[in-house]
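Colleague: I'm new to reading protein models. Could you walk me through one, a feature at a time?

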Amino acid sequence: MNAPHLSRRSLLLQGSALVVGFSLAGRNAAAQTFAPVATNGFAKPVAPDQVDSFLALGADGRATIFSGKVDLGTGIRTAMAQIAAEELDLPIDRVTVVQGDTALTPDQGPTYGSLSIQKGGVEIRQAAATARIRLVQLASERLGVPANGLVTENGTVRPKAGGQGITYAELVKDGRLDLKVDPAVATKDPAAFALVGKSVARLDIPEKMTGRFTYMQDYRVPGMVHARVVRPPAIGATLESLDETSVAHIPGLIQVVRQGNFLAIVAEKEWAAVKAAGQIKAVWSKWEGLPEQDKLWQHVRSTKVTKDDVTSSTGDAEAALGQTARTLEASYDFAIHTHGSIGPSCAIAEFKDGLLTCWTASQMTHALRKQLAAMTGLAPESVRCIYVEGSGCYGRNGHEDAAGDAALLARVVGRPVRVQWSRADEHGWDPKGPPTLIDLKAGLDAQGNVAAWVSQFHVPEGAAGNVPLVAADLAGLPHETAMAPGNVIQNSALPYAFPNVRTVCHRLASTPFRPSWIRTPGRMQNTFANEAFLDECAAAAGADPLEYRLRALKDPRGIEVLRRISEIAQWQARPSPAKEDASGDVLRGRGLSYVKYELNRTYVAGVAEVEVNRRTGQVRVPRFFVAQDCGQIINPDGVRNQLDGNIIQTVSRVLMEEVTFDRGAVTSLDWASYPILTFPDVPVVVTALIDRPTEKPWGAGEPSAAIVPAAVSNAIFDATGARLRSVPFTPAKVKAALQGT
Amino acid sequence: MAQQMSLDVNGHAARVTVDDPETPLLYVLRDDLGLHGPRFGCGLGQCGSCTVHVDGQAVRSCITPVSGLKPGARIVTLEGLGSPDKPHPVQDAFIAEQAAQCGYCINGMIMQSAALLNETPKPDEAAIRQALAQNLCRCGTHLRIVRAVQRAAGTL
């Protein structure tokens, strides 16, 4: 590899916005490329403007849908099938969904940002609707009946007046439609929906419940061998020496692979690779490039700011702040978090005839293909990434990195290599949700209303993009160096109509760990600060938190979700704190929170109920109410499942979770040191869905996580009068806050 | 030293060759016998994804050395519990409650619950939550899982 040497420090304590110009000198000009995959005898297109890219009608009467968006456990395989079957007037059991195969599926963008239905589903709907109109035209010609005298039903086109119909398979003999998607196509009238809006049972669940499903971790390729990676004990440590004889006695050992600081064991059997990875003697340099954990927030505050993003500016907030009757000021922080997939990342790669095939649970196979091409020096056309569903990832976890490991190893070993990360690999080396620090000031007028609001968010620079691959970094192969924490400035601005507002994101040049998006990136942390600080304002004004929000909310759909949450939670109008019976150890309270996701889509309101043990500092959330308007709902049960998931996962984040580290590496490397919420403490979740069939469908996979942290903080305040401004709300922090009241 | 072993898995005699008697049962089931039910989650016995039944008891196969099994021990995996056509009542209840998101942890949830119901046919909600306290789910499907167990117990 003649790759440029890249500074690892720039990646590890990640910061430099430079994108290294990849040297592609190693790329073979006459490189092999994948031939287009043939379906029904013709080359399958993947261009996103072609109907045939999205669907194929089979001679067997079935339709295959090709989705660039993949099911990460959220149920979108089923939702996509519903959308396509609805638009094609096919029974859902005659629809197959192929996902995330770069040779077969169009690039609809990564599966992130709560965009699968909103973007991916809408594109499939348009392709299917375009196809249906063509089918009617073809039938019109064949039957001699005007198109407006025909209907589609159950995979056939037939005259409205009755008489013989003609099947789609007969109309499109080779399955090829050869037409462009019409983005303005008239899609089905929601009043006629038979499948969309119904709780169709998940297509994958029976196989998953009976051990018949093939996850990425189950996938096998003929001739495959097993690998485990051996990561440096400190993130930036370099491999000084290696004693390969230390593992030579292990039966089935194939190779110890070392490339720069990349080290891995390849063996015939998985357990041999596990054992060798644990036993190999390697000497690494000392590296202590991480900040001290107990000075993390000073570190963040002193990190160089590369630019300011002003995310909203109304009136003159700074000037107004000096003239208000009362001012409040507070800082909020949200710890470094991991994704916490239950199944550590896994991938398989095979090099054959100059072509690289990678089976991966990546949420972004098209982007991964480009990363693997850059890393290996192959042309992107010589790389194929095939999605195989893995354990839920909740953002960009280690799946892509495992793919990078496998690609590197497969080339060295010359056989297909399966890389399975250990639990410590996943907890230690998946990219992290970066630490977030927020300073807020508000000025209240004589009536207690917010007259001025100034907030400053300290968040890493960068947006969504490709997170650099660990293998490329360790082995000194070409890779990105810019940070990709996700669009973490979203929801720093407010959904309320205050007269003077200025919200600014200070974009930081570095952050302690390689960052990426964890579910609801930025929106969760920013909404925590905004909605908890607003609650502080309401309390200062002596106002009921719900009524206080409604004063400044002009959006009818937002008002509607707040009205619904107040109904289901049986909200009692009164200011916080509750000041109820305080004789026992356990104090109870309730807290409200609201978000309009990215200020342009899904509305969510939530109410947390908490029990705070003031002796132990322990907080429990016995019940959580959530109301959501995500526009047109494709599958109500699927949306409820996502609401449960977001609430429970985020209650876990808020009460318990924090990545711990020393100066060299993550120290929370298992579930004992990074505990998550377990069954006895999981809240009952009560949901209310506001379905709007005639509106656009919006995302449901992320938004409801945003409201959880503030709802819990506000509920603790309601119960105790103590304000928790630092996630996680550990017993120690709760006790400290209680002492301050 | 490679050694031949005979295991009783899902009612069938399976012959396997292991290099190391300390090999956890999980790797034998997955890699040698090609089973998908028991899953690798932590290798530490912390999450429960790898749970199988050994003589009717829920056991964490990731920390169970294959050599530690009693001769003739009856091993049952999620596949052996039931099939999509003939699911076990607990599997049936999980399907009815749509009790999965990614589903990676569900093997452990079903195996642990089936073992619970063998011992305690009518557990209340608190007992179910307690029985599953050492099984981790990250997607947040806990409430449906509890309902599925209640359904299987006929107490929903």
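Predicted model: local features only at pLDDT ≥ 70, side-chain atom pairs only at ≥ 80, totals over all residues.

Colleague: How do I read a sheet, and what is the strand order in chain A?

Modeller: Strands (E, at least two residues) and helices (H or I, at least four) are DSSP runs, numbered from the N terminus. Two strands pair if DSSP finds at least two bridges between them. In chain A, three strands make an open, mixed sheet, ordered S3-S4-S5. S3 (55-57) and S5 (95-99) of chain A each have a single partner strand, so one side of each lacks a neighbour in the sheet. S3(A) and S4(A) (residues 63-67) run antiparallel over three bridges, and A:Leu55 sits opposite A:Ile65.

Colleague: Now a helix. Which residues of H3 in chain B are buried?

Modeller: A residue is buried if 20 or more other C-beta atoms lie within 10 Å of its own, exposed if 12 or fewer, and partly exposed in between, with C-beta atoms placed from the backbone. In H3(B) (residues 89-96), the buried ones are B:Val90, B:Gln91, B:Ala93, B:Phe94 and B:Ile95. Their cover includes H6 (205-209) of chain A, along with H2 (78-81), H4 (106-119) and H6 (142-152) of chain B. Just after H3(B), B:Gln98 takes a positive phi of about 50 degrees.

Colleague: Is B:Gly154 buried or exposed?

Modeller: Exposed, because B:Gly154 has 11 other C-beta atoms within 10 Å. You'll find B:Gly154 in the segment after H6 of chain B.

Colleague: Last one: how many residues does each chain give to the contact between A and B?

Modeller: Two residues are in contact if their C-beta atoms, placed from the backbone, lie within 7 Å. Here chain B gives 49 residues and chain A gives 51. On chain B's side, H1 (25-32), H2, H3, H4, H5 (125-131) and H6 each supply at least two residues. That side has 23 nonpolar, 19 polar and seven charged residues. For the classes, Ala, Val, Leu, Ile, Met, Phe, Trp, Tyr, Cys and Pro count as nonpolar, Asp, Glu, Lys and Arg as charged, and the others, Gly among them, as polar.

Technical notes. Residues numbered from 1 in each chain as written. Chains lettered and ligands numbered in written order.
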